[in-house]
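Please consult the sequence and the model as you read.

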Amino acid sequence: MADLLSDDEIEAQLPDEWTRDGDEIVRTYEFDDYLRGVNFAQMVGEIAEAQFHHPETIIRYEEVEIRLTSHEEGGITDEDIDMAELIESERNA
Ligand SMILES: C[C@H](O)[C@H](O)[C@H]1CNC2=NC(N)=NC(=O)C2=N1
């Protein structure tokens, strides 16, 4: 099990464009059309399965919201930061 990060660690490690919302880190991605968002959500799911660390993924019209927390630890850990970084790298690929 990963250790919970402190408030300072979270602020320091949060990737650009991500925000903290309580025990979650959050980012909303915007797309030119609905199906590009759906395809992005599929890619996020594949990363989540590979990492065995799963976000809450909300698909809306032309945007997808990703919410990450470590359920077993009850807060934000390195696994959440790592997932956010992996998603960012895929989004910018
Ligand atoms: C049993 C437990 O759900 C699994 O070990 C994994 C699955 N994916 C997970 N995803 C997230 N975000 N947090 C977890 O604690 C977690 N645990």
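By class, the shell around the ligand holds one nonpolar, five polar and one charged residues; here Ala, Val, Leu, Ile, Met, Phe, Trp, Tyr, Cys and Pro count as nonpolar, Asp, Glu, Lys and Arg as charged, and the others, Gly among them, as polar. The residues that surround the ligand are F52, H53, H54, T69, S70, H71 and E72, where a residue qualifies if one of its heavy atoms lies within 4 Å of the molecule. The model is predicted, so local features need pLDDT of at least 70 and side-chain atom pairs count only at pLDDT 80 or more, whereas totals for chains, interfaces and linings use all residues. Residues are numbered from 1 along each chain as its sequence is written, and side-chain values use heavy atoms, with hydrogens and water left out.

A polar backbone atom of T69 is 2.7 Å from a nitrogen atom of the ligand, and a polar backbone atom of H71 is 3.2 Å from a ligand nitrogen atom. E72 contributes a polar side-chain atom, which lies 2.7 Å from an oxygen atom of the ligand. On its own, the ligand has 390 Å² of accessible area, of which the protein covers 66% (Shrake-Rupley method, 1.4 Å probe).

Which space does the ligand take? The ligand takes the space of the largest pocket. The lining of this pocket consists of M1, A2, F52, H53, H54, T69, S70, H71, E72, E73 and E79. This lining divides into three nonpolar, five polar and three charged residues.

As to confidence, the mean pLDDT of the chain is 97, and 100% of its residues reach 70 or more; pLDDT is the predictor's confidence in each residue, from 0 to 100. The model scores ipTM 0.91 and pTM 0.95.

Terms used. Polar contact = N/O pair within 3.5 Å; in protein donor to acceptor, adjacent residues only side chain to side chain. 1 Å grid on protein atoms, 1.4 Å probe; cavity = no way out; pocket = protein on both sides within 12 Å on 5 of 7 lines; lining within 4 Å. Sits in = over half its atoms within 2 Å of the grid points.
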